[in-house]
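Student: I would like to learn how to read a structure feature by feature. Can we go through one together?

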Amino acid sequence: MTYSDTLDWMFSQLPMYQRQGKSAYKVDLSNTVLLINHLNYPHRNFKTIHVAGTNGKGSSSHMLASVLQEAGYKVGLYTSPHLKDFRERIKINGKEVSETFVTGFIERNKSFFEANQLSFFEMTVGMAFEYFSEEKVDVAVIEVGLGGRLDSTNIITPEVSVITNIGLDHTQFLGNSLDAIAFEKGGIIKHNVPVIIGETQEETKSVFIDLATNNNADITFADQQVPNNYASDLKGDYQVKNIQTVVAAIKILQQKSYNISLSNIKKGLSNVIENTGLLGRWQVLNHEPKVVCDTGHNREGLTYVMKQLSKEVYNHLHIVFGVVNDKDLISIIDLLPKKATYYFCKPDISRGLDAEELKMFFSKYNLIGESYKSVDEAYKEAKEKANIDDFIFIGGSTFVVAEII
């Protein structure tokens with residue numbers, strides 16, 4: 001199969017949460033255990049760092065990888081979802097896995113995948129682990145896909161576990177309360193493995209302390225440490241908390257004899273985009289008018305994004321907005337500014353919410369705009385209507401951002 005054929009098969013034959021939603025979620029790790037046994041346990045051939053959380057786990061993973069690269073390590077990076085190309089999910093020192101490896105891995109294991117009905121995410125995790133093993137990385141930063149306890153990545157025993165924060169997202173899988181979600185994400189806490197918690201939250205603190213105590217794992221709440229005044233090329237205000245979390249994790253690695261200097265930390269945090277290729281985090285696409293996109297999509301993420309948006313100076317605000325059809329719109333509607341013109345659109349995936357339906361819902365809350373046939377059409381209309389001193393924001397869904405950048 002060609003690379004394109006391979007991706008078509010992966011996307012169409014096997015469930016992928018980002019496209020299909022709940023039907024892709026597995027309730028145990030049995031398939032992953034089968035797969036890892038089939039691949040001869042590739043994850044045992046390199047060290048790992050495990051990163052979970054509701055928001056910030058992608059940025060934190062890329063920051064960690066960037067710092068380790070600056071320190072001279074060969075660094076694997078596994079993240080999800082991708083924005084433009086599947087290969088963004090699997091990188092070594094910022095370079096994406098080759099199309100040849102992707103097609104070869106699927107061809108070699110296709111009959112096994114079909115026989116065992118593996119999910120898209122399960123086989124992608126297996127692909128990443130085999131690639132990192134073959135390429136002999138020193139360490140790999142592994143981002144959890146969904147939750148933690150039952151996530152396919154949760155077969156590793158990392159150097160340090162990181163949980164950025166807890167918010168009410170994916171409640172249909174993880175539970176309807178912060179403590180229930182914390183328990184699921186806290187499932188990555190391993191016996192004798194230090195854990196970093198990015199944000200202290202009253203509803204979740206005791207859950208993490210109990211899990212850490214039961215696993216004899218040293219626990220650090222990063223936001224209770226001395227503030228770290230490090231700069232980053234990731235400019236979202238919310239990155240301040242992620243930087244604190246990452247620096248706390250790096251301190252653990254230093255204690256484990258990783259050779260990481262203060263200069264490595266500063267350079268790593270300042271060159272995340274260049275070193276890792278991270279996209280879509282308060283990314284400035286244009287200056288006159290200023291155009292910014294951000295992948296924040298749940299209440300916690302959008303709270304930070306909208307707070308930063310409120311600090312911008314402009315004449316008029318234009319918002320290109322689209323969501324997936326299982327989005328809890330009630331949970332985010334109060335965060336969105338009323339003094340704006342909205343351009344409602346449907347991301348080009350089956351889970352995308354119809355733009356007209358989105359428009360009708362928003363109109364009930366005096367958020368006014370028109371619906372458009374595509375993200376591209378909505379963005380073009382916003383650019384046509386915006387004056388040079390206006391501001392255009394694009395967001396609501398990772399998939400909306402993916403179609404713009």
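Student: How many aromatic pairs does a search of the whole structure find?
Tutor: The search finds 22 aromatic pairs. Rings of Phe, Tyr and Trp (its six-membered ring) pair if their centres lie within 6.5 Å; planes under 30 degrees apart count as stacked, over 60 as edge-to-face and the rest as tilted. This is a predicted model: local features need pLDDT of at least 70, side-chain atom pairs count only at pLDDT 80 or more, and totals for chains, interfaces and linings use all residues. Residues are numbered from 1 along each chain as its sequence is written, and side-chain values use heavy atoms, with hydrogens and water left out.

Student: How is a pair of aromatic rings described?
Tutor: By the distance of the centres and the angle of the planes. Take F101 and Y131: 4.8 Å centre to centre, 55 degrees between the planes, a tilted pair. F101 belongs to helix α5 (residues 99-116) and Y131 to helix α6 (residues 120-134), so the pair ties together parts 30 residues apart in sequence. Helices (H or I, at least four residues) and strands (E, at least two) are DSSP runs, numbered from the N terminus.

Student: Are F101 and Y131 buried or exposed?
Tutor: Buried means under 20% relative accessible area, exposed over 50%, partly exposed in between (1.4 Å probe, protein chains only). F101 is buried at 11%. Y131 is buried, also with a relative accessible area of 11%. Now take Y238 and Y304: their ring centres are 6.5 Å apart and their planes at 55 degrees, so this pair is tilted. Y238 sits in the loop between β8 (219-221) and α10 (239-255), Y304 in helix α13 (residues 299-309), so the pair links parts 66 residues apart in sequence. Y238 is buried at 12% relative accessible area, whereas Y304 is partly exposed at 27%.

Student: Which residues form one aromatic cluster?
Tutor: F46, F101, F105, F112, F113, F129, Y131 and F132.

Student: Where does the charged end of R87 sit?
Tutor: A charge sits over a ring if NZ of Lys or CZ of Arg is within 6 Å of the ring centre and within 35 degrees of the ring normal. The charged end of R87 sits over the ring of Y3, 5.9 Å from its centre. K205 lies over the face of F221, 5.8 Å from the ring centre.

Student: On to the sheet. In what order do the eight strands run?
Tutor: Two strands pair if DSSP finds at least two bridges between them. Here the order is β4-β3-β2-β5-β1-β6-β7-β8, in an open sheet with mixed pairing. β4 (95-96) and β8 are the edges, each with a single partner strand, so one side of each has no neighbour in the sheet.

Student: Why is strand β5 largely enclosed by the rest of the structure?
Tutor: Because five of the five residues of β5 (residues 139-143) are buried. V139, V141 and E143 point one way, A140 and I142 the other way.

Student: What does P194 contact, leaving aside neighbours within four places in sequence?
Tutor: Contact means heavy atoms within 4.5 Å. P194 is in contact with E159, V160, S161, D218, I252 and K256. P194 lies in the loop between α8 (178-185) and β7 (195-197) and is buried at 12% relative accessible area.
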